[in-house]
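Please take a moment to look over the sequence and the three-dimensional structure shown below.

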2 protein chains.
Amino acid sequence: MADFKVTPWEVEGEVDYEKLMRDFGAQSIPREVISKLPEPILLPLRRGFFYAHRDFDKFVEDAKRGKPVSIVTGRGPSGRMHLGHILPFYTAKWFQEKMGASVLIPISDDEKYLVKRKLKIRDVEAFGRDNLIDILAVGFDPEKTRIVIDLEDTEIYRPTVIVSKRVTYSTIRAVFGLTNESNIGWVFYPAIQMVHLFLPQIIWEPQRVLVPVAIDQDPYIRVARDVAERVGLVKTAGLLSKFMPSLESPTGKMSTSGGGEEKVIWLTDDEKTVRKKIMKYAFSGGRPTVEEHRRLGGIPEIDVSFLYLLYFFEEDDRKIKEIEERYRSGEMLTGELKEYTAKKISGFLREHQRRREKVLDEGLEVVLDRYRLRDEERDKIREWGKEL
Amino acid sequence: MADFKVTPWEVEGEVDYEKLMRDFGAQSIPREVISKLPEPILLPLRRGFFYAHRDFDKFVEDAKRGKPVSIVTGRGPSGRMHLGHILPFYTAKWFQEKMGASVLIPISDDEKYLVKRKLKIRDVEAFGRDNLIDILAVGFDPEKTRIVIDLEDTEIYRPTVIVSKRVTYSTIRAVFGLTNESNIGWVFYPAIQMVHLFLPQIIWEPQRVLVPVAIDQDPYIRVARDVAERVGLVKTAGLLSKFMPSLESPTGKMSTSGGGEEKVIWLTDDEKTVRKKIMKYAFSGGRPTVEEHRRLGGIPEIDVSFLYLLYFFEEDDRKIKEIEERYRSGEMLTGELKEYTAKKISGFLREHQRRREKVLDEGLEVVLDRYRLRDEERDKIREWGKEL
């Protein structure tokens with residue numbers, strides 16, 4: 001097993017997900033919890049992309065009993081968004097549509113500013129606005145969804161002070177791997193993120209908040225859980241996923257950090273570009289020659305195109321089974337699999353881009369305004385925690 | 001020389017002011033700078049209570065040339081205010097009246113909340129409102145004075161993020177003596193305080209900002225000076241004072257931490273109470289018996305009553321000289337000196353309390369509203385630093 005390193009800011013090497021789950025102290029998701037979910041069950045949930053959790057069972061139970069529940073999933077605006085960035089938002093939308101969850105979306109422009117040396121305030125603000133086009137294109141219900149932009153909705157500083165009193169520097173340093181040379185904004189930021197996770201309980205009422213994230217973000221959930229009950233709130237629940245495979249590696253993380261601009265699928269890529277990238281870069285589980293492939297068959301488990309279909313883009317269970325069998329037997333060649341995957345992704349992106357255009361036609365700020373905190377919710381933030 | 005320890009939160013032992021100044025790297029105030037000040041020169045300035053500085057000469061020069069200058073002096077609301085707390089505000093008022101300085105008054109309820117283990121949010125808020133009665137009683141010009149309450153005027157979080165990116169944990173730990181077990185809000189707070197010092201430059205225009213404080217607060221000024229130019233602002237100037245002598249010690253710091261409620265002069269104390277406290281507790285430079293006192297004379301330098309008169313309450317230079325001589329020669333007894341001092345302090349407090357009543361009659365919130373940030377100033381805070 002290759003060495004690997006996972007912090008909320010960095011993923012290095014080939015990740016062993018089971019070890020990560022054990023190290024973090026999370027649980028694997030029991031079959032019976034998945035089976036309680038409303039049909040059609042979200043693909044990444046029923047096909048094991050989300051593979052670990054904290055209190056997801058309690059979240060499902062509360063939702064089924066009609067209690068208020070909510071989802072928090074955010075974005076740190078350090079660049080344009082690619083396919084791997086948007087899928088958590090479609091996950092949140094599924095929970096909203098199928099299980100009635102409210103959704104809170106924090107835009108952590110402060111975090112990206114503090115962590116990325118070269119970014120200026122105007123950079124993170126510009127990326128923030130660009131990213132919001134994509135997030136709004138997902139189509140959340142404005143009545144049950146709020147977007148909080150850290151550097152604009154600064155009311156959150158107040159509850160953050162309350163939370164930060166309950167977190168020591170050593171805890172943060174141990175959990176997040178900071179050094180003494182880290183800037184003090186970065187040291188403070190985990191408290192802001194904890195407040196993001198608490199915010200549905202503050203602006204509405206105490207409730208189970210579920211955070212569906214890649215497992216590298218779990219440290220935030222753990223420290224939030226430690227603090228939640230001490231400030232009179234329900235413990236945060238986590239739904240933890242593997243990383244969206246990068247084009248070039250089935251266990252890597254889709255990111256511009258290593259591969260560069262060319263090797264990720266941007267949300268604005270057209271059909272031709274998507275096809276070209278999949279054809280050229282998608283790591284294949286096929287064999288070097290057609291002859292060998294026919295004889296030995298492909299390995300779907302390590303084929304990035306297959307994994308994209310399995311986790312995100314092939315809804316039809318019979319179809320995915322058929323592809324798996326045909327590929328493994330050698331009947332289906334890598335080329336055919338890639339063509340099919342490229343079409344599926346392009347189809348998804350076409351729909352996303354259509355809604356993206358709609359947001360721009362209406363005007364970004366106009367649409368965004370529907371998701372801003374209401375005055376009474378801002379008051380709730382200002383009133384919270386007087387006894388703490 | 002007894003050991004002593006000075007941090008912004010703690011003063012222990014007998015303070016050696018000259019050593020403190022040298023250790024901190026501040027300068028003593030040259031005579032010729034004092035002589036340029038408008039008459040009548042503020043008592044604590046011309047009698048050496050303010051004894052060290054950073055760039056005070058530049059501040060005076062700018063003010064004399066009609067350039068905009070400002071004063072920042074704040075309050076951490078952890079209890080009621082005593083005589084030692086209010087004098088910096090009267091100093092600020094002198095600079096406003098005589099030299100045209102604007103004044104910015106931060107109420108750091110966040111700091112007190114983070115640093116004092118037992119205080120709840122509602123405690124620091126209540127103390128904050130109580131303290132504002134006294135601060136407003138000083139009678140600042142509402143056109144040239146702003147009050148910023150950290151947990152209410154949360155716009156300041158945004159510039160604080162910018163500043164905090166430029167300060168490392170090790171810097172803060174070294175300068176402020178934090179430990180790894182300090183909470184992360186406390187670690188972040190120095191950046192908030194730096195923003196307080198920068199705020200006149202942000203909401204108005206770049207200018208020399210003078211911070212008149214007891215020398216224990218100098219670390220804040222030093223770190224602010226290091227950062228100021230890196231964010232396009234003028235270096236903060238400091239006017240550094242000795243500690244207001246406590247009743248029981250001429251070199252201690254007036255504080256409830258050691259002596260308890262009974263041994264400080266509260267701003268609400270009446271004439272009888274003031275007299276009683278001075279008579280009972282004020283450390284005397286006199287001799288044990290009248291006979292000895294007549295023969296050897298008193299020591300004004302260590303007599304707290306004399307120091308109060310010298311630094312704050314006896315405007316008349318001839319009168320203070322006369323008292324000093326009569327006391328040193330043994331002609332004036334401790335009792336007479338104390339009576340005189342108690343009267344002077346009571347006179348000051350009577351005036352202060354009269355203005356305090358006026359604030360309450362008008363309504364605290366009504367008066368406070370005149371000093372709140374204007375909308376365009378809040379916009380300036382939100383717009384500042386895009387290129388940083």
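Predicted model: local features only at pLDDT ≥ 70, side-chain atom pairs only at ≥ 80, totals over all residues.

Residues are numbered from 1 along each chain as its sequence is written, chains are lettered from A and ligands numbered from 1 in the order in which they are written, and side-chain values use heavy atoms, with hydrogens and water left out.

We begin with the aromatic rings. A pair of aromatic rings is described by the distance of the centres and the angle of the planes. Rings of Phe, Tyr and Trp (for Trp, its six-membered ring) are paired if their centres lie within 6.5 Å; planes under 30 degrees apart count as stacked, those over 60 as edge-to-face, and the rest as tilted. Over all chains, the structure holds 35 aromatic pairs. One of them joins Phe49(A) and Phe50(A), whose centres are 5.9 Å apart and whose planes stand at 70 degrees, an edge-to-face arrangement. Are these two residues buried or exposed? Buried means under 20% relative accessible area, exposed over 50%, and partly exposed in between, for a 1.4 Å probe and protein chains only. Phe49(A) counts as buried because its relative accessibility is 6%, and Phe50(A) is buried with a relative accessible area of 6%. Both residues belong to one aromatic cluster, together with Tyr90(A), Tyr311(A), Phe312(A), Phe313(A) and Phe348(A).

Phe348(A) leads on to helix H17 of chain A, in which this residue is among those that are buried, as are Leu337(A), Ile345(A) and His352(A). Helices (H or I, at least four residues) and strands (E, at least two) are DSSP runs, numbered from the N terminus. Helix H17 covers residues 334-362, and its 29 residues reach 42 Å from the first C-alpha to the last, close to the 42 Å expected at 1.5 Å a residue. The expected span is 1.5 Å times one less than the number of residues. Just after this helix, Gly363(A) takes a positive phi of about 105 degrees.

In chain B, Arg80(B) lies over the face of Trp266(B), at 4.2 Å from the ring centre.

The last topic is the salt bridge, a side-chain nitrogen of Lys or Arg within 4 Å of a carboxyl oxygen of Asp or Glu. The structure holds 76 salt bridges over all chains. One of them links Arg46(B) and Glu315(B), at 3.8 Å from N to O. Arg46(B) lies in helix H3 (residues 43-46) of chain B and Glu315(B) in the loop between helices H15 (304-313) and H16 (317-329), so the pair ties together parts that are 269 residues apart in sequence. By contrast, Lys93(B) and Glu97(B), whose closest N and O atoms are 3.3 Å apart, are separated by about one helical turn because they are four residues apart in helix H5 (residues 83-99) of chain B. Lys93(B) counts as buried at 18% relative accessibility, whereas Glu97(B) is exposed at 55%. Another salt bridge joins Lys277(B) and Asp269(B) at 2.6 Å, N to O, and both of these residues are buried. Finally, salt bridges that share partners join Arg129(A), Glu152(A), Glu365(A), Asp369(A) and Arg372(A) into one network.

Methods. Lys NZ or Arg CZ within 6 Å of the ring centre and 35° of its normal.
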